[in-house]
Amino acid sequence: MHGTNQMQGFANSLFTGFARQSGKVVMKKINVTIWNEFRHEKENDVVKALYPDGLHAQIAKMIGCDDFNITLAALDDPQHGLSDEVLNSTDVLIWWAHMAHWEVSDEIAEKVKQRVYMGMGLICLHSAHYSKVFQKVVGTTGNLLWGAEVKEVVWNINPTHPIAKDIPSHFVLDADEIYAEPFQLPEPDEIVFLGWYETGYLFRSGCCWRRGYGKVFYFQPGHETCPIYYNETVTKVISNAIRWAAPAEAGYKLQEGSPCIGGDFVPSEELDFFKK
């Protein structure tokens with residue numbers, strides 16, 4: 001499951017779709033890197049019991065699909081597990097963080113931002129709203145109201161969105177940490193899910209943005225002491241988000257996040273047409 005050797009260089013790995021091998025058309029796999037602090041699982045017995053191999057490993061297990069190559073990375077890995085080789089080959093980066101946001105190096109966070117601008121997809125889960133990566137990419141403090149673990153109903157308010165594919169009108173989480181409005185973030189391009197808690201609070205729990213050539217999705221469910229990533233609907237949302245966020249061909253040569261004129265000139269016959 002864990003694809004660690006599919007490094008081809010970021011520019012060549014950006015475009016997902018179909019490839020031809022030996023005369024057969026095959027689906028090109030999406031290279032997914034799942035990043036996790038992997039600290040709670042080592043320090044909190046409740047979290048350790050729920051996710052003995054880490055939240056990232058459980059997410060990988062639940063979303064494992066034939067069209068994904070999955071790599072795991074963690075905060076305490078060399079370079080946080082995000083070397084240039086890994087980042088350059090990643091189509092979609094999933095980020096889970098909570099207790100050690102500021103231990104992520106500014107250099108790595110900036111590299112992630114630049115990769116998103118060049119087309120890499122980014123999915124931020126639960127407390128990653130307050131991560132350096134989310135703040136840099138989306139441009140926000142990420143501040144919000146928060147509170148106890150209570151029952152949550154997640155409403156699918158954008159059912160034709162690709163991330164909502166095969167997701168019911170709503171689903172129930174027996175317990176999750178309250179995240180509530182006001183949520184300090186730029187106006188989302190699209191809102192896919194709203195969360196309602198039994199105590200009455202509301203939250204924009206599934207939000208989408210485009211940044212540069214990349215797509216960003218924030219998804220709220222996922223408190224570490226709750227078995228959220230065993231929920232098939234939650235992990236179906238994540239799988240859908242991976243496919244939505246996967247890079248698409250831009251139609252331009254990209255250089256440092258901008259279209260680049262690289263000798264791709266208008267054919268002379270087209271120029272003649274416009275001179276008429």
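How exposed is aspartate 76, as a relative accessible area? Aspartate 76 has a relative accessible area of 47% and is partly exposed. The views below show this residue and others in a predicted model.

**View 1. Arginine 39 and aspartate 76 form a salt bridge.** The side chains meet with N and O 2.8 Å apart. Aspartate 76, at 47%, is partly exposed. Shared partners join Arg39, Asp76 and Glu103 into one network of salt bridges.

**View 2. Arginine 243 forms a salt bridge with aspartate 67.** The closest N and O atoms of the two residues are 2.9 Å apart. Arginine 243 is part of helix H8 (residues 232-245), while aspartate 67 is in the loop between H4 and S4, so this pair ties together parts that are 176 residues apart in sequence. Arginine 243 is partly exposed, with a relative accessible area of 35%. Aspartate 67 is at 17% relative accessibility and counts as buried.

**View 3. Lysine 136 and glutamate 110 are joined by a salt bridge between two helices.** The N to O distance is 3.2 Å. Lysine 136 is in helix H7 (residues 132-139) and glutamate 110 in helix H6 (residues 106-117), and the two residues are 26 residues apart. The structure has ten salt bridges by count.

**View 4. Tyrosine 179 and phenylalanine 203 form an aromatic pair.** How are their two planes arranged? The ring centres are 6.0 Å apart and the planes stand at 75°, so the pair is edge-to-face. Tyrosine 179 lies in strand S8 (residues 170-180) and phenylalanine 203 in strand S10 (residues 202-211), so the contact ties together parts that are 24 residues apart in sequence. Tyrosine 179 is buried, at 3% relative accessibility, and phenylalanine 203 is buried too, at 0%. In total, the structure holds twelve aromatic pairs.

**View 5. Phenylalanine 203 also pairs with tyrosine 218.** This pair is edge-to-face, with 6.4 Å from centre to centre and 80° between the planes. Tyrosine 218 lies in strand S11 (residues 214-219) and phenylalanine 203 in strand S10, so the pair ties together parts that are 15 residues apart in sequence. Phenylalanine 203 and tyrosine 218 are both buried. One aromatic cluster is formed by Phe134, Tyr179, Phe183, Phe203, Trp209 and Tyr218.

**View 6. Two lysines lie over aromatic rings.** Lysine 42 is over the face of phenylalanine 38, at 4.7 Å from the ring centre. The charged end of lysine 215 sits over the ring of tryptophan 244, and the distance to the centre of that ring is 5.3 Å.

**View 7. Helix H4 is mostly covered.** How many of its nine residues are buried? In this helix, which spans residues 55-63, the number is seven. These buried residues are Leu55, His56, Ala57, Gln58, Ile59, Ala60 and Ile63.

**View 8. Five residues form a nonpolar patch on the surface.** The patch is made of Trp155, Ile157, Leu194, Trp196 and Leu202, and together they have about 470 Å² of accessible area. Leucine 194 is in strand S9 (residues 190-197). Its relative accessible area is 33%, and leucine 194 is therefore partly exposed.

**View 9. Cysteine 208 is in no disulfide.** The nearest cysteine sulfur belongs to cysteine 207 and is 7.4 Å away. A disulfide would need the two sulfur atoms to be within 2.5 Å. Cysteine 208 is buried, at 1% relative accessibility. Another cysteine, cysteine 124, is also buried, with a relative accessible area of 0%. Across the whole structure, a search finds zero disulfides.

Conventions
Residues are numbered from 1 along each chain as its sequence is written. This is a predicted model: local features need pLDDT of at least 70, side-chain atom pairs count only at pLDDT 80 or more; totals for chains, interfaces and linings use all residues. Side-chain values use heavy atoms; hydrogens and water are left out. Rings of Phe, Tyr and Trp (its six-membered ring) pair if their centres lie within 6.5 Å; planes under 30 degrees apart count as stacked, over 60 as edge-to-face and the rest as tilted. Helices (H or I, at least four residues) and strands (E, at least two) are DSSP runs, numbered from the N terminus. Buried means under 20% relative accessible area, exposed over 50%, partly exposed in between (1.4 Å probe, protein chains only). A charge sits over a ring if NZ of Lys or CZ of Arg is within 6 Å of the ring centre and within 35 degrees of the ring normal. Patches are made of residues with over 30% relative accessible area and no salt bridge: like charges are joined within 9 Å, nonpolar side chains (Val, Leu, Ile, Met, Phe, Trp, Tyr) within 5 Å. Accessible areas come from the Shrake-Rupley method with a 1.4 Å probe; for residues, only the protein chains shown count as cover. A salt bridge is a side-chain nitrogen of Lys or Arg within 4 Å of a carboxyl oxygen of Asp or Glu.
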